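Please look through the structure below with its sequence at hand.

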Amino acid sequence: AHLRAHPGLGLAWTGVERLHHEQRPARRETLAWRDRWDGRSPAAHRFLEFFALSFGVAIRRQALLDVGLFDERFRATEDIDLAMRLVAAGTPYAALPEPLLTVHMGEGASASGNNRTALRLLLLKKHAAFLAGQPRLRAHYQRFAMSACYRDGLNVEARALARELLRSGRIGGNGLDQLLRYELVAPIKRLFKRRPTPASHA
């Protein structure tokens, strides 16, 4: 309805209510934007930091055809990839704060997918040109990728991302926490980890 009322828009999204049925009674979670706004201001591209939270999204057909359909290489971040392509193409967009959709999360349901680390690295590589002009957004996804790399034992890739974040001054508190946890705390724990005491012989 909002797209019909605003012919110049190509993308709109709303808040959403999630019902988590793996809990009894079902837990209700409301995800909503704080403000209503329209526009293409670079500062507003911050919405891409949170686009993976399954907000209700509507895309004008022509805008979708102009940038191409989903990239099938992405299994868990295809929505973020598509949103970045739309924004990079200059698609006007809007945010509606009202939660207009309900999503039922069943037992074992996941809003993500497998092989997230490789997908996060691919997202950074594919959208390098767009993210170069959005340093805050770039750092956001670098931190996510760094965390995933450390978690999966890809220390070379994680350290490369950490270096970029440190150079840019955008590693942030959470990123620094991750860096210290894996580069300082974890090695110290391994160093002082108790080893089995050899059995004594009478």
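**From a hairpin to the helices**

L19 stands opposite R28 in strand 2. This model is a predicted one. The strand that pairs with strand 2 (residues 27-31) is strand 1 (residues 11-20), and the two run in the antiparallel sense over five bridges. Between strand 1 and strand 2 the chain makes a hairpin of six residues.

Now consider the whole chain. Its secondary structure amounts to eight helices and five strands. In sequence order the pattern reads α-β-β-β-β-α-α-β-α-α-α-α-α. The chain has 202 residues, and 36% of them are buried.

M105 belongs to strand 5 (residues 93-105). Is M105 buried or exposed? Its relative accessible area is 12%, and residues under 20% count as buried, so M105 is buried. Setting aside neighbours within four places in sequence, M105 is in contact with R18, L19, H20, H21 and E22. L19 is also the residue that stands opposite R28. M105 and R27 are 78 residues apart along the chain, while their C-alpha atoms are separated by 9.7 Å.

Strand 4 (residues 56-59) holds a further example, G56. With a relative accessible area of 7%, G56 is buried. Which residues does G56 touch, not counting residues up to four places away in sequence? They are A12, W13, T14, G15, V16 and L101. G15 is 41 residues from G56 in sequence, yet the two are 6.4 Å apart in space, C-alpha to C-alpha.

Next comes helix 3 (residues 78-88), which is mostly covered, with eight of its eleven residues buried. The buried residues in helix 3 are I80, D81, L82, A83, M84, R85, L86 and V87. What follows helix 3 in the chain? A89 is found in the loop between helix 3 and strand 5. A89 has a relative accessibility of 52%, and the cut-off for exposed is over 50%, so A89 counts as exposed. The C-alpha atoms of A89 and V67 are separated by 7.3 Å, and the two residues are 22 apart along the chain.

Helix 4 (residues 116-126) crosses helix 6 at roughly 150°, and their axes come within 9 Å. Angles over 145 degrees count as roughly antiparallel, and helix 4 and helix 6 are therefore roughly antiparallel to each other. Their crossing is left-handed. On the side of helix 4 the contact is made by R116, T117, R120, L121, L123 and L124, and on the side of helix 6 by R138, Y141, Q142, F144, A145, A148, C149 and R151. Sorted by type, the residues of this contact are eight nonpolar, two polar and four charged.

Helix 6 (residues 135-151) also packs against helix 7 (residues 155-168), at an angle of about 150° and with the axes 8 Å apart. That angle makes helix 6 roughly antiparallel to helix 7. Helix 6 passes helix 7 in a left-handed crossing. Which residues meet here? From helix 6 come R138, A139, Q142, R143, A145, M146, C149 and Y150, and from helix 7 come N155, E157, A158, R159, L161, A162, E164 and L165. Nine of the residues in the contact of helix 6 with helix 7 are nonpolar, two are polar and five are charged.

Y150 deserves a separate look. Y150 lies in helix 6 and is one of the residues that meet helix 7. Its relative accessibility is 4%, so Y150 counts as buried. Not counting residues up to four places away in sequence, Y150 touches N155, A158, R159, L179, Y182 and E183. Among them, N155, A158 and R159 belong to the contact of helix 6 with helix 7. What separates Y150 from Y182? In sequence they are 32 residues apart, and in space 6.9 Å, C-alpha to C-alpha.

Technical notes
Residues are numbered from 1 along each chain as its sequence is written. This is a predicted model: local features need pLDDT of at least 70, side-chain atom pairs count only at pLDDT 80 or more; totals for chains, interfaces and linings use all residues. Side-chain values use heavy atoms; hydrogens and water are left out. Axes are lines fitted to C-alpha atoms, for helices over the stretch in contact, and angles run from 0 to 180 degrees between N-to-C directions. Helices (H or I, at least four residues) and strands (E, at least two) are DSSP runs, numbered from the N terminus. Angles under 35 degrees count as roughly parallel, over 145 as roughly antiparallel, 65 to 115 as roughly perpendicular and the rest as oblique. A crossing is left-handed if the near helix is turned anticlockwise from the far one by less than a right angle, and right-handed if clockwise. Contact means heavy atoms within 4.5 Å. Ala, Val, Leu, Ile, Met, Phe, Trp, Tyr, Cys and Pro count as nonpolar, Asp, Glu, Lys and Arg as charged, and the others, Gly among them, as polar. Two strands pair if DSSP finds at least two bridges between them. Buried means under 20% relative accessible area, exposed over 50%, partly exposed in between (1.4 Å probe, protein chains only).
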